[in-house]
Amino acid sequence: MSAEIPIVFVVDDDRSVRDALRRLITSVGMTVEVFPTAQAFLSAPRGDAPGCLVLDVRLPGLSGLDLQRELANTHATLPIIFLTGHGDIPMSVQAMKAGAIEFLTKPFRGQDLLDAIRHAIDRDRAARMERQELAELNRRYDTLTPRERNVMAGVVAGLLNKQIAAEFGTTEATVKEQRGQLVLKMRAGSLAELVRSAGRLGIAPYDSGGTRPK
Amino acid sequence: METTPERSSSALEPPNQVVALPGDTATLSSQLRDLIAILALPAVWSGRDAADIPEAVLEALSSMLRLDLAYIRAADPAGSGPVETARVQGRPDLGSRGREIAGLLADGTTDPDANQALVLPDPATGEPLRATRTALGLAGHTGVVIAASRRSSFPTPFERFLLQSIIMQAEVALRNAALMTALHHALHCEQGARADAEAAYRAKDLLNEELERRVVERTRQLSLVNQELRSEIAERKRAEAALRESEQRFRDYAETASDWLWETGPDHSFTRLSEQLTRLGIDPAGRIGVTRWDFATDVEEEPAKWRRHVATLEANQPFRGFVYRTASADGSVVYISTSGKPVFDADGRFLGYRGVSSDVSAAVRADQVERALHLAQAELARVTRVTTLGELAASIAHEINQPLAAIGADANACLHWLAADRPDLDSVREALTAIVKDGDRAAAVITRIRTLLARSPLAHEPCDLTGVIRDVLPLVGPEIGRHGIRLDTSLVPDLPPIMGDRIQLQQVLLNLLLNAAEAVRDVPPERRRLVVRATLEPREDGPWAVVAVEDAGVGFGEAQAPRLFEAFYTTKPGGLGMGLSISRSIIESHRGRLWATANPDHGATFHLALPGMR
């Protein structure tokens, strides 16, 4: 997946800027797609490759900030680099708060834009990896039986097999067997890895009401 | 009054006498008429003055008894001497001569025993007259009546009865008259007192009237005096004005006299200076042998002026009103205006200059103040222009930044391509072509802005207003487009050329368009529309060019209408309120008009009318 060719999207209403950005980005071997308006970008089909969006703030019709909001609403995670004709502080603050990677003022140095693009793509790539790992963990967690999920909660809470058995009214041998099963299913190489996976999945460690006061 | 009973008895005597009545009815009826007449006498006499009564009694006696003489003497009821009067038949002239007649009748009138028949001589003829004498009042104290006739039968018993009756009536009348007189007198006294009071009142009234009259008179006099005073004041003012004028004239003469004369030699150094120069605190002696530019203090500041002046001198040309700055002895700044003409000798050899100078410091300072004021105004106008452009900064920055950003990106791309082992020259060429194009684009923007910001106003020149509109539209284009505003133009092709400052007119149009764009920015999208119309309007003095900028924006209220063009009036949060004010002054300096109208539905229209060139 990480081997996929990243793609840079450019939305700018000024034709010469748009074309120049296309030439600059292709000159460093990246793939680029340019759009004159936000609507044109939204209606174009996008692949699953990592990438970023270079977006002019002031656009006719749907503005750059409008597009940012629109993408957030559709859970699209494309990192955005904003370009503006003049340093508009309130607008840049708004854009950064809404998750923009970078806010560049025209005229910008070409290298700064390329650095920002690379940084954005790295971020997107990492985020994508993160999302894929989480999806895999979820897929593995889904294969656990209810009892195995309980035992996992007990294990990540740091309880001994004996304590877990006492909590759930079973034998220590049964807990030991179920524990072996769930470690196998979660493909956890160590207890530490299992705990980390549980954390990423948002599984709350078991809280034994009998032994600790609430 | 106490005498009345006695007299009454006396008066009643005759009726007691036997009166022979006439036998015929005609005489009887005549006598009855006489009696009735006698009864009527008091009524006839009533109200008459007491002094008139004896006369009335004689009248009655004479007519009724056909007497040749009748005389009466009666005491005046008022108390003065007795009244005597007589009547002689056929001699009316003797009426007023009662006393003479009384003298003739002396016996009859003085005899205390009256009421007897006697014979008297007729005062007119001396003929003997048969007469009766009857006393009036008590024992004749009030008077006597004598009646006489030539007839021998006089007095018949009836005539005696009539006589008695008449005299009785006369007595009553006289008593009444006396009474009336007394009463009248008493009344008169009272009336006199009253009259005095009335007189006093009247006097007071008169006094008041007099006072009033005098007040009126005085007032009239005062107002006359006032008028005189006024005219005198006016006259005095005129005199003062005349005096001032003459003083001014003298001052002018004096000041003219304070001008000083000078002479310079062939080397332009002063050879002679008149004494008036000392008034400026400058010692003429100190200036001898030096040139004008040796003591002028503005040679370094204004070298061009001095170069021209020296050139004039070198050419031996006359000069007039050359102004330069110097300092008086106490160091204060003095401006001197000088005029001179070259002097030549008989052989035409240049000897130097002769001329006159004057102190013009006051005038120059006033001029400087005025110029500073003008500069301040011009600077304010310029600042406003810049501020307006400041509001345009976003748009302008965008206009310049776009090509710059493109140039930067393309140049970077070129470097990347050229760094490759086998450079993609086609791509490099494409990028370089784009760079050239964007460079031109940025330069064009800069040029436009530079003209707009130009500091020195250009002189009025023939301008094509359509061209001015076309200059401005690209500047506001991005601002308008960004807010989704539609701009329509309707420009007639035959707009008359006008005389004007193109830059200033651009400024006005720019201002109107930006205002319009701002007015529609926050209204529903379908109303975000501007129309620029240019039309030709024939007027009395020829064709005018009229440009209207129409918007469907927020418009202005009735309350705002009269203030729109006021300086520092603004409805915008960040506005200076100078835009429309300056726009109007610019248009008015072009002999044009700038005004605003509210549109019937939405928004406002600003109209700009300029007279066509002639």
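User: Hi! Leaving aside neighbours within four places in sequence, which residues is Val54(A) in contact with?

Analyst: Hi! Val54(A) is in contact with Val8(A), Phe9(A), Val10(A), Leu21(A), Ile81(A), Leu83(A) and Ile117(A), once neighbours within four places in sequence are left aside. Contact here means that the C-beta atoms of two residues, placed from the backbone, lie within 7 Å. Keep in mind that this is a predicted model: local features need pLDDT of at least 70, side-chain atom pairs count only at pLDDT 80 or more, and totals for chains, interfaces and linings use all residues. Residues are numbered from 1 along each chain as its sequence is written, while chains are lettered from A and ligands numbered from 1 in the order in which they are written.

User: Thanks. How many residues are in the largest nonpolar core?

Analyst: The largest nonpolar core has 45 residues. Val54(A) is among those with the most contacts inside it, along with Cys52(A), Leu55(A), Ile81(A), Phe82(A) and Ile117(A). A nonpolar core is a set of buried Ala, Val, Leu, Ile, Met, Phe, Trp, Tyr and Cys residues joined through C-beta atoms within 7 Å. Buried means 20 or more other C-beta atoms within 10 Å of a residue's own, exposed means 12 or fewer, and partly exposed is in between, again with C-beta atoms placed from the backbone.

User: And which element gives the most to this core?

Analyst: That is H12(B), with 7 residues. Helices (H or I, at least four residues) and strands (E, at least two) are DSSP runs, numbered from the N terminus. There is also a second, separate core of 38 residues, including Ala516(B), Leu530(B), Val532(B) and Ala604(B).

User: OK, on to the two chains. How many residues of chain B are in contact with chain A?

Analyst: 27 residues of chain B meet 20 residues of chain A. On the chain B side, helix H12 (393–419), helix H13 (425–453) and helix H14 (465–482) each supply at least two residues. H12(B) has the largest share, 18 residues.

User: What classes of residue does that side of chain B have?

Analyst: It has 13 nonpolar, 9 polar and 5 charged residues. Ala, Val, Leu, Ile, Met, Phe, Trp, Tyr, Cys and Pro count as nonpolar, Asp, Glu, Lys and Arg as charged, and the others, Gly among them, as polar.

User: Switching to chain A: how many helices and strands?

Analyst: Chain A has 9 helices and 5 strands, in the order β-α-β-α-β-α-β-α-β-α-α-α-α-α along the sequence. Of its 214 residues, 33% are buried.

User: At what angle do H6 and H8 of chain A pack?

Analyst: Helix H6 (residues 146–156) and helix H8 (residues 172–185) of chain A pack at about 90 degrees, with their axes 9 Å apart. Axes are lines fitted to C-alpha atoms, for helices over the stretch in contact, and angles run from 0 to 180 degrees between N-to-C directions. H6(A) and H8(A) are therefore roughly perpendicular; under 35 degrees counts as roughly parallel, over 145 as roughly antiparallel, 65 to 115 as roughly perpendicular and the rest as oblique. Val151(A) of H6(A) and Leu182(A) of H8(A) are among the residues making the contact.

User: Last one: is Arg187(A) buried or exposed?

Analyst: Arg187(A) counts as exposed, because 12 C-beta neighbours lie inside 10 Å. Arg187(A) sits in the loop between H8 and helix H9 (191–201) of chain A. Its phi is near 50 degrees, a positive value in a residue other than glycine.
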